[in-house]
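Biologist: Could you take me through the sheet in this model? I am new to it.

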Amino acid sequence: MARIERTIVLVGLMGVGKSAVGRRLAKQLDLPFVDADAEIEAAAGSSISDFFEQHGEAAFRDGERKVIARLLDGKPHVLATGGGAFMGPETRLLIKLRGISIWLNADLDTLVERVSRRNDRPLLKDGNARQILSDLMAVRNPIYAESDIVVESVNLPLGEMTVRVTEALCNWIAACPERARRPRV
């Protein structure tokens, strides 16, 4: 595979495995791994849940956009984004210009099962996880589909899913090796 000079940005709904797959993908590609949510929490000095509660979603999305822009200006790495990051037109454009976006897509049952393992997801705090995720899928999946690469995140073991993502990335770059190069901005 050509040397990757752009950040690989994993997008998709909560619970799809962006962080888990991202860590393994980064190791496989010998790139650093960055979790956008952790970077946002560090910049805000609070948890995402607390930030949402105190300042609201609009303020969170503004901070998220700024953090992602900063991260995309850095050296190439694998970046796991929050589920809503790719929804913002400015953030999506930055990712398209400076990164390689990979949408990890999963079915509703898989997502519901995975998100039930944690209780720190602000968008699921006050409602039925299945209904909320279903509604989010209807709105977000058409936008996620604008990603450079789409990988179906069927309920595979983590290692197999990472192989699937790596193969999709390699095939995408092999079809046009200059895709791996950092664009001149």
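**The sheet and its strands**

Modeller: T7 stands opposite G99 in strand 4; strands are DSSP runs (E, at least two residues) and helices are DSSP runs (H or I, at least four residues), numbered from the N terminus. The model is predicted, so local features need pLDDT of at least 70 and side-chain atom pairs pLDDT 80 or more, while totals for chains, interfaces and linings use all residues. Residues are numbered from 1 along each chain as its sequence is written, and side-chain values use heavy atoms, without hydrogens and water.

Biologist: How many bridges does strand 1 share with strand 4?

Modeller: Strand 1 pairs with strand 4 (residues 99–105) in the parallel sense over five bridges; pairing requires at least two DSSP bridges.

Biologist: What is the strand order of the open sheet?

Modeller: The order is 2-3-1-4-5, with parallel pairing. Strand 2 (33–35) and strand 5 (149–152) are the edge strands, each pairing on one side only.

Biologist: Is strand 1 covered on one face or both?

Modeller: Both faces are covered: T7, V9 and V11 on one side, and I8 and L10 on the other, are all buried (under 20% relative accessible area, 1.4 Å probe, protein chains only). In a regular strand the side chains alternate between the two faces of the sheet.

Conventions: Buried means under 20% relative accessible area, exposed over 50%, partly exposed in between (1.4 Å probe, protein chains only).
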